[in-house]
Amino acid sequence: MGQTLEDRLVDIIHGVPSTMQVLRTVRDLNLPDWMIFSGAVYQPVWNHLTGRAPDYGIRDYDVAYHDASDTSYEAEDVVIRKVAAAFEPPLRDLVEVRNQARVHLWFGQKFGADEPYPPLLTSAHALERFVATAFCVGVRLEPDDSLRVWAPFGLDDLFAMQLKPNPKRVKGAGGWDRTTASAKARWPEITIAGD
C-alpha cells in the first residue's frame with residue numbers, strides 16, 4: 001500500500017527547513033491551540049509537485065492560536081511580540097500571529113462584510129473559512145516531533161493542484177478572483193474551478 005496524502009504532506013513539510021524552524025520555535029513557546037496554516041503549508045506541496053525550491057512563493061508563515069480568555073488586541077499583541085522575539089530576521093518579519101478567538105472582531109471591517117464571520121471555536125475551525133479547499137490545511141509539530149495535520153476538506157484538491165471554492169463560504173466572497181489569480185501567477189500549473 002502506498003503513502004497516504006497525509007503522509008506525503010508530512011514528508012514534504014519535514015523537507016522545508018524554514019517551515020520546520022517556525023514549527024519548532026512556535027512549539028517551544030507553548031501557545032494554546034496553535035498551528036501554522038495557509039501558504040506555509042500548501043505552497044511547499046505545490047513546490048514539491050512542480051520541482052520548485054521548497055520555500056518558493058511563501059510570503060509569510062501564518063501562526064494561529066486560540067485563546068478565548070482574553071480577546072483584546074492588547075493580549076494578542078503580547079503574544080505577537082513574544083513570538084517575534086523568538087525569531088531572528090528574516091523569519092521575524094515573516095511570521096504572522098493571530099488569535100483565532102478574536103478574528104470575528106475585525107474580519108468584516110478589514111476584508112469587507114460580504115458574509116457573516118461567526119466566532120471561531122478553535123484554531124482548526126479557521127480552516128473552514130479559507131476561500132479554496134486546497135488552502136484549508138494546517139499542521140502542528142507535536143512534542144514527539146510528529147506532525148499533526150488538519151484538513152477539513154481533505155487533501156485531494158491540494159495534491160491535484162486544483163482550486164475549488166470552499167463550499168462553506170458565500171460564492172464569490174472573500175476575494176476569490178484576486179486570491180486565485182495570485183496563486184495562478186506563481187504556480188501556472190494549478191487549475192481553477194470554472195476556468
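**Helix packing around Thr19**

Setting aside neighbours within four places in sequence, Thr19 is in contact (heavy atoms within 4.5 Å) with Ile13, Ile36, Ala40, Ile58 and Tyr61. Thr19 sits in helix α2 and is buried, with a relative accessible area of 0%. This is a predicted model, where local features need pLDDT of at least 70 and side-chain atom pairs count only at pLDDT 80 or more, while totals for chains, interfaces and linings use all residues. Residues are numbered from 1 along each chain as its sequence is written, and side-chain values use heavy atoms, with hydrogens and water left out.

A few terms before the details:

- Helices (H or I, at least four residues) and strands (E, at least two) are DSSP runs, numbered from the N terminus.
- Buried means under 20% relative accessible area, exposed means over 50%, and partly exposed is in between (1.4 Å probe, protein chains only).

**Helix α2**

- Just past the end of α2, Asn30 takes a positive phi of about 60 degrees.

- In α1, Leu9, Val10, Ile12 and Ile13 are buried.
- Those residues cover an arc of only 165 degrees around the axis, which puts them on the same side of α1; the arc is taken from the directions from the helix axis to the C-beta atoms.
- The cover over them includes α2, α3, β4 (138-141), β5 (147-150) and α8 (156-159).
- The axes of α1 (residues 5-14) and α3 (residues 39-50) come within 9 Å and cross at roughly 90 degrees.
- That makes α1 roughly perpendicular to α3 (the label covers 65 to 115 degrees).
- Where the two helices meet, α1 brings Arg8, Leu9, Ile12 and Ile13, and α3 brings Ala40, Val41, Pro44, Val45, His48 and Leu49.
- The residues of this contact divide into 8 nonpolar, 1 polar and 1 charged.

**Helix α4**

- The buried residues of α4 (residues 73-85) are Glu76, Asp77, Val79 and Val83.
- Looking down the axis of α4, its buried residues fall within an arc of 160 degrees, so they line one face of the helix.
- On the other side of α4, Glu74, Val78, Arg81 and Ala85 are exposed.
- Among the elements covering the buried residues of α4 are α2 (17-29), β2 (61-65) and β3 (95-99).

How values were computed. Expected span 1.5 Å × (residues − 1). Axes fitted to C-alpha atoms, helices over the stretch in contact; angles between N-to-C directions. Parallel < 35°, antiparallel > 145°, perpendicular 65-115°, else oblique. Nonpolar A, V, L, I, M, F, W, Y, C, P; charged D, E, K, R; others polar.
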